[in-house]
Structure formats: C-alpha cells, structure tokens
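Let's take a walk through this structure together. Please have the viewer open and follow along as we go.

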Amino acid sequence: MARIIGTGSYLPRSIVTNKEMEKYVDTTDEWIVTRTGIKERHMSQSDENTGDLAYEAAARALKNAGIGAKELSYILVATTTPQSLVPNTSCYVQARLGAVNASCLDLNAACTGFIYGLEVAEALLNLPDMGFILVIGAEVLTKITDFEDRSTCVLFGDGAGAAVLTKGDGIKGIITGSDGTKAACLNTGTFPVSNVLTGEKPFEHLVHMDGKEVYKFAVNILPEAMKAAVARGNGNIHELDHIIPHQANIRIIEAASKRLDIPMEKFFINIEKTGNTSAASIAIALDEMNQNHALRNGDRIALVGFGGGLTYGAVYLEWNM
Ligand code: ACO
C-alpha cells in the first residue's frame with residue numbers, strides 16, 4: 001500500500017531545437033518531427049550533472065508534498081547515467097537535501113527505471129519505520145549520446161522527475177519484467193579487462209540502439225504491460241482517466257492507442273519539448289500534469305514504460321494526494 005503525496009521535476013536550462021541538430025548530423029526538423037514527435041530537448045551544462053538535476057526535482061517534490069528532507073527514510077534514484085559509479089547519485093542528492101535519516105540506493109532499468117523505483121518503494125514501505133520515500137528518475141543522456149549517429153542523437157534529452165511516497169491507498173497494481181536476450185538492441189560497451197594487461201581501448205560509454213527492434217518490442221509490450229498492471233489492480237483499462245507513457249516516440253504511443261482502443265486524448269504527451277529522457281520521462285510527465293492541476297483525487301491513472309534491457313513495467317494507481 002503506497003500513495004504519491006508530492007511530485008517535482010527539473011529540466012536543464014539549455015534547449016536544443018531540431019534546427020540546431022541539423023548542425024551536428026545530416027537530418028531535418030521534418031524527419032525528426034514526423035518519425036518521433038520530438039521538436040526540442042534539454043541539454044545539461046557543466047554545472048548540471050545527474051545529482052544536480054535529481055536534487056532540483058527532489059527539492060520541488062518535497063515542497064509539493066509538504067515534508068522536510070529529514071523525514072525521508074529512503075532515496076531511490078533511477079538512472080542509466082549516474083553522476084559517478086561511486087558514490088551513487090542518491091548520496092549526492094542526500095547530501096544536498098540534508099536528508100540525514102535516508103538510506104540511499106540507485107537502480108538502473110533504463111527507461112523503465114521510474115516504474116521499477118515505484119515498485120521497490122512500495123515494497124520498502126512494508127518494512128517497519130519507513131516514513132517517506134523519494135523516488136527520482138534522473139538522466140544526462142546527452143553525455144552518453146553519439147552526436148555522429150543521427151539515428152540516436154536526435155532522440156535523447158536530459159532531465160529529472162521525482163515523487164514522494166508514503167503508506168496509504170493509491171497504487172493498486174504494478175508489474176515489471178524484462179527480456180535480457182534482447183540486451184544488444186540498446187546498450188553501451190562493457191568494461192574491458194585492465195588495459196595495463198591488454199592494451200584494450202578504455203570503456204566505450206556511448207549508447208547504441210537498434211531502433212527498429214526496440215520499436216517492435218515497444219508497440220507490443222506497452223499495451224500488454226498496461227493491461228496487466230490494471231488487471232492486477234482489479235481495474236478496467238477503458239475506465240482510465242489518464243495514461244502516462246514513457247515519452248520515446250509519438251508513433252509508439254499512437255500504435256498503443258489503436259491497439260487498446262483508447263483515444264489519444266487520454267495519453268499524456270510532452271515528447272515535443274523533452275525528447276526521450278529515459279528514467280526521468282514518466283516522472284517529468286507526472287509532475288507536469290500535477291503542477292497543471294490536471295489530476296484530481298480519484299482519477300485512475302496508468303504509468304507505463306519500456307527500455308534498455310529490454311525492460312518494461314506499468315503502474316495502475318488512483319490519485320490520492
Ligand atoms: N534524420 C534523417 N534520416 C534519418 C535519421 C535522422 N535523424 N535517422 C535515421 N535516418 C534514416 C535512416 O538512415 C534510413 O535511411 P535509409 O532508408 O536510406 O537507410 C531512414 O531514415 C529510415 O530509418 P529507420 O531506422 O527505418 O527509421 P524509423 O522509422 O524506424 O525510425 C526510430 C527510427 C525513430 C529510432 C524508431 O525506430 C524508434 O523510435 N525506435 C524506438 C526507439 C525507442 O523507443 N527507444 C526507447 C528506449 S530508449 C532507452 O531505453 C534509453
């Protein structure tokens with residue numbers, strides 16, 4: 001039993017339009033908008049690392065929830081682009097918030113990270129002495145983007161979103177899963193043996209993606225995961241008030257709308273302004289709806305994501321803030 005009592009988000013100051021992308025690679029605004037729905041994305045500067053974005057989103061979520069940082073029992077940061085390998089990004093956030101009573105954990109499930117984070121938070125809230133848990137999705141994907149690869153670099157953006165959870169009635173059903181056999185569809189390099197021994201190249205950190213394979217996976221898994229989470233919570237997909245899908249590609253969302261026979265108006269979309277912000281995407285979208293007063297208590301909402309792994313997951317909840 002868990003409910004969301006506050007949300008926050010933060011997007012880096014610098015905006016890169018499709019027109020500006022034309023300077024880096026052989027592409028056009030028309031191609032990007034038609035194939036993806038993206039018009040612009042935010043790019044972090046040198047003072048905006050993962051921990052900075054996560055901190056800004058977290059501070060706003062705490063304010064929205066009306067609780068202090070010392071009341072946090074746990075900080076979970078979902079990210080594919082941690083500030084460093086050690087310490088985890090959650091510890092950076094803890095230090096800046098002054099959340100001295102919080103345990104700190106990062107988790108990586110690529111674009112499904114925020115959904116996995118909510119699942120872990122709900123489970124943790126069953127332990128004794130758990131008060132409030134902060135779940136953050138934060139990414140600086142532009143730091144691992146290959147700006148010579150036009151098939152990926154136009155897609156990604158940076159940002160962070162956060163939610164504060166506590167015990168209570170809200171989340172009705174969650175499902176997560178993965179298909180590790182499809183790992184090669186979306187990956188970075190793996191760590192080589194020490195180059196002192198082999199003379200191998202250092203870690204190849206740029207992301208590679210087989211867009212077509214991920215697309216095929218996504219159009220199938222998005223509706224299936226959503227149906228499974230709603231069924232787990234004894235709901236009906238046709239009675240949902242809002243669906244907040246991972247913002248990867250407008251065409252994937254349109255295909256899901258058709259397959260589920262649910263009108264596009266029920267799907268929240270902000271991809272045109274954010275691009276694909278991976279683990280941050282659903283959290284940013286949820287906060288945008290919350291700040292715009294688009295969510296009313298009792299609204300039935302599905303959050304649904306998919307991404308590298310390949311992973312997937314969905315949450316069915318009743319808004320109760
Ligand atoms: N501008 C212009 N042309 C381009 C660009 C570009 N930016 N990128 C590719 N093209 C070209 C290709 O080279 C190809 O040209 P060719 O026919 O001469 O070979 C043509 O456009 C068509 O390319 P496709 O790859 O077939 O384009 P498609 O319609 O499949 O769209 C896309 C590509 C947008 C990547 C799509 O496959 C997609 O959205 N896939 C899913 C990605 C996704 O959802 N990822 C989510 C997970 S992200 C995560 O976990 C971090």
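This is a predicted model: local features need pLDDT of at least 70, side-chain atom pairs count only at pLDDT 80 or more; totals for chains, interfaces and linings use all residues.

The domain assignment of the protein gives two domains, domain 1 (3-168) and domain 2 (173-318). Their C-alpha centres lie 14 Å apart. The contact between them takes 47 residues from domain 1 and 45 residues from domain 2.

The largest nonpolar core has 44 residues, and M226, L240, I243 and F306 are the ones that touch the most other members. Several elements supply at least two residues each to this core: α8 (211-232), α9 (250-260), β12 (300-307) and β13 (311-318). Helix α8 gives the most, with 10 residues.

Leaving out residues up to four places away in sequence, L240 touches M226, V230, K266, R300, I301, A302 and Y316.

Next come the aromatic rings. A pair of aromatic rings is described by the distance of the centres and the angle of the planes. How many such pairs does a search of the whole structure find? The search finds 2 aromatic pairs. One is formed by Y24 and F147, with ring centres 5.6 Å apart and planes at 70 degrees; since angles over 60 degrees count as edge-to-face, that is the class of this pair. Y24 lies in helix α1 (residues 18-24), while F147 lies in the loop between β6 (132-140) and α6 (150-153), so the pair ties together parts that are 123 residues apart in sequence. Are these two residues buried or exposed? Y24 is partly exposed, with a relative accessible area of 43%, and F147 is partly exposed too, with a relative accessible area of 23%.

The other pair brings us back to helix α8. The rings of F217 and Y312 have their centres 6.3 Å apart and their planes at 55 degrees, so this pair is tilted. It also links distant parts of the chain, with F217 in helix α8 and Y312 in strand β13, 95 residues apart. F217 has a relative accessible area of 11% and is therefore buried, the limit being under 20%.

Now for the space that the atoms leave free. Rolling a probe the size of a water molecule over the atoms shows where empty space is left. A search of the whole structure finds 1 cavity of 30 Å³ or more, and about 30 Å³ of space lies in the largest cavity. Its lining is made by R3, I4, G170, I171, L317, E318, W319 and N320. Strands β1 (3-10) and β13 each supply at least two residues of that lining.

The largest pocket holds about 1200 Å³ of space. It is lined by 49 residues, and F156, L186, N187, V207 and M209 lie nearest its centre. Two or more lining residues come from each of α2 (29-36), β5 (103-107), α6, β9 (186-187), α8, α9 and β12. The largest share, 4 residues, comes from α8.

Finally, let's look at the backbone. Most residues other than glycine have a negative phi, and most peptide bonds are trans. V86 and P87 are joined by a cis peptide bond with omega about -5 degrees, and P87 is found in the loop between β4 (72-78) and α4 (89-97). Another cis peptide bond joins G309 and L310, with omega about -5 degrees; L310 is found in the loop between β12 and β13.

As for phi, D129 has a positive value of about 65 degrees although it is not a glycine. D129 is found in the loop between α5 (113-124) and β6 and is exposed, with a relative accessible area of 77%. D261 also has a positive phi, near 55 degrees. D261 has its place in the loop between α9 and α10 (271-274), and at 62% relative accessibility it counts as exposed.

Key: Residues are numbered from 1 along each chain as its sequence is written. Side-chain values use heavy atoms; hydrogens and water are left out. A nonpolar core is a set of buried Ala, Val, Leu, Ile, Met, Phe, Trp, Tyr and Cys residues joined through side-chain atoms within 4.5 Å. Buried means under 20% relative accessible area, exposed over 50%, partly exposed in between (1.4 Å probe, protein chains only). Contact means heavy atoms within 4.5 Å. Rings of Phe, Tyr and Trp (its six-membered ring) pair if their centres lie within 6.5 Å; planes under 30 degrees apart count as stacked, over 60 as edge-to-face and the rest as tilted. On a 1 Å grid over the protein atoms alone, a cavity is a set of points where a 1.4 Å probe fits but cannot get out, and a pocket is an open set with protein on both sides within 12 Å along at least five of seven lines; lining residues have an atom within 4 Å of a point. Grid points are joined across faces, edges and corners, and a volume is the space filled by probe spheres set on the points. Domain bounds come from an automatic or database domain assignment.
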